[in-house]
Structures are given as structure tokens and as C-alpha cells.
Amino acid sequence: MNRPAHPNGLLDVNREEEMDFSAPGVHEKNKANLNKYKLTAYVYDILDFPWELQYRHWRPGLVGDIRGEVMEAGVGTGRNLRYYSDDVNLTALDFSPSMLRRAMTRARGARCRVRFLCEDACRMVSVPTGHYDWVVATFLCCVIPTELQHLVVAEVSRILKPGGRFRLVEMIHSKNSAIRARQNLFAPFVRKVYGAGFDRETLRHVEESGDLQVTATRFLKHDVYLLIEGIRK
Ligand SMILES: C[S@@+](CC[C@H](N)C(=O)[O-])C[C@H]1O[C@@H](n2cnc3c(N)ncnc32)[C@H](O)[C@@H]1O
């Protein structure tokens, strides 16, 4: 597929040979997940396919209205990329070089400018403070270990401009007993393959952050797929 031309004639997707895939400063407690994704990256899109059948209906609405300087943290294989407007300058961050390589391929279908960054979302060492209009993360925080949730939330807050906005989508435990039983069945698989859990309480960490204000929450499906939106005070 040909990449649609950006109105400015610009499509500055990093060339792979220009990328630094060293993921500097990955937190010790994120290294197990980083290792996991060395393997998971090869099968990610195949394993995730049944879920992606529903996610793909949500993705245009999750990023299509966003404009300006945008950080997508935990970009994965780049499933959101094609839905960003051409008014977006996107930084696509992930700590896994193998996932980023897949996202780079998918960026050929994107209308926005994309720059890739291989770093830990809990320590975005080369990302300037107060730079972004938006931070987006879909299914990232449910992978970040509980004890590091405060770090990723602090980084979201640090890199946003005052008045900048964020949108997070996470999976959480359902209160419905039938759904919860299904989650319990899948939990070992989800933990082993994606490093993810339903117990991360990202919303609580965001609410406890002094600098971020939650403006809306809603479920995309059941009481499991939680959308958290807010603003940097
Ligand atoms: C479950 S996948 C979601 C991918 C994508 N956001 C989506 O919606 O399909 C989680 C992604 O977050 C990345 N990730 C996990 N922990 C990370 C961290 N501490 N820093 C940066 N990326 C991380 C993984 O490599 C993976 O690509």
C-alpha cells in the first residue's frame, strides 16, 4: 500500500537504521516484561487478533480527534497509527525494539508524522518536560507492574504541557461474576504472554497524582475496558 502524502510533503518516519533501539534506562522491574516482548512481538498480532476485532472499532474514536504534539506510549505494533489526523506530530514510544519494528512497518499507512522512540514509559529519559498537547496509551498501564504505576503516571504528567490532555485505555477486573470467571481463566495467559493484569488500578494512581485531573471515565465494553481521560493542571 502506498503511503498517502502528508499535506506538507512530510512523512518523517524514522528510518530503522537511524533508530536507537537500546531502550536506555529501563527500570529493573520492567526488564522481565521487556524480555517477554522479545518473543511476544513475533506472534503479537496473531494472538491479539480475536480482541483486535473489537478494538479496531474503538481506535478511530480514540485518536481521530487528537491534534498537535502527541505522545503515544506503548505503541506496540502500531494499531492506532493510521487513525491519527495529518495535524498530528506523533512520538511513538515503546521499550521493545521488536514491537517498534512492527509499528514502523504499519506507519507506512499513517497520515501523521511519526517519530519512534525506544524507551521505558516509566523513564522517558530523552523526552522533554512540558512538550506534549496529548499523551495516549492503549493497553499500556495494564502491563506496567503495580509498583511502577506511580512512575508512568508521573511521566505522563511531566511531559504534558499545562492544559495538555491524556487518554488511557486499560483492562480492569469486572464485578460481574461470569465475566470475572472468564478473566480468571485468561489471566495466566495474559500475564505470561503480555505481562498484563486486570488489577493495576491505574485510575486510582491518576486520581492520586497531584498534577493530573481526571475529566471523564467510561467503559468501552462491559465494566472491563476502561477509558480514562483528563487534563494536566
Ligand atoms: C498490550 S501491548 C498494547 C499495544 C498497543 N498500545 C495497542 O493498543 O495495541 C503493550 C505494549 O506496551 C509496551 N510496553 C510495556 N511496558 C512498557 C514500558 N515500561 N515502556 C514502554 N513500553 C512498554 C509493550 O512492549 C507493548 O508493545
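Visitor: Where is Pro 97 found?

Guide: Pro 97 is found in helix α3. Some ground rules come before the details. This is a predicted model, in which local features need pLDDT of at least 70 and side-chain atom pairs count only at pLDDT 80 or more, while totals for chains, interfaces and linings use all residues. Residues are numbered from 1 along each chain as its sequence is written, and side-chain values use heavy atoms, with hydrogens and water left out. Helices (H or I, at least four residues) and strands (E, at least two) are DSSP runs, numbered from the N terminus.

Now the helix itself. Helix α3 covers residues 97-106. Its buried residues are Pro 97, Ser 98, Met 99, Leu 100, Ala 103 and Met 104. Buried means under 20% relative accessible area, exposed means over 50%, and partly exposed is in between (1.4 Å probe, protein chains only). These buried residues pack against α1, β2 (88-94) and β3 (113-118). Contact here means heavy atoms within 4.5 Å.

Pro 97 has its own set of partners. Leaving out residues up to four places away in sequence, Pro 97 touches Phe 21, Leu 34 and Cys 118. Cys 112 gives a distance to compare: Pro 97 and Cys 112 are 15 residues apart in sequence and 21 Å apart in space, C-alpha to C-alpha.

Next, the neighbour α1. Two packed helices are described by the angle between their axes and the distance between the axes. Axes are lines fitted to C-alpha atoms, for helices over the stretch in contact, and angles run from 0 to 180 degrees between N-to-C directions. The axes of α1 and α3 come within 7 Å and cross at roughly 35 degrees. On the α1 side, Leu 34, Tyr 37, Lys 38, Ala 41, Tyr 42, Tyr 44 and Asp 45 take part. They meet Pro 97, Ser 98, Met 99, Arg 102 and Arg 106 of α3. By class, this contact has seven nonpolar, one polar and four charged residues. Ala, Val, Leu, Ile, Met, Phe, Trp, Tyr, Cys and Pro count as nonpolar, Asp, Glu, Lys and Arg as charged, and the others, Gly among them, as polar.

Helix α1 also meets α5. The axes of α1 (residues 31-47) and α5 (residues 177-194) come within 9 Å and cross at roughly 120 degrees. That makes α1 oblique to α5. Angles under 35 degrees count as roughly parallel, over 145 as roughly antiparallel, 65 to 115 as roughly perpendicular and the rest as oblique. From α1, Lys 36, Tyr 37, Thr 40, Tyr 44 and Leu 47 make the contact. From α5 come Phe 189, Arg 191, Lys 192, Val 193 and Tyr 194. The residues of this contact divide into six nonpolar, one polar and three charged.

Asp 45, Ile 46 and Leu 47 of α1 meet Phe 49, Pro 50 and Trp 51 of α2. The count is five nonpolar, no polar and one charged. Helix α2 (residues 49-63) also holds Pro 60. Pro 60 counts as partly exposed, at 33% relative accessibility. Pro 60 lies 24 Å from Cys 118, C-alpha to C-alpha, and the two are 58 residues apart in sequence.

Step back to the cores. A nonpolar core is a set of buried Ala, Val, Leu, Ile, Met, Phe, Trp, Tyr and Cys residues joined through side-chain atoms within 4.5 Å. The largest nonpolar core has 50 residues. Leu 81, Tyr 84, Leu 90, Phe 116 and Met 171 have the most contacts inside it. Helix α5 gives the most to this core, with five residues. A second, separate core has 26 residues, including Val 135, Leu 140, Val 152 and Ile 159. Val 152 and Ile 159 are among the buried residues of helix α4 (residues 149-159). What covers the buried residues of α4 includes β1 (68-73), β4 (132-138), β5 (160-171), α6, β6 and β7.
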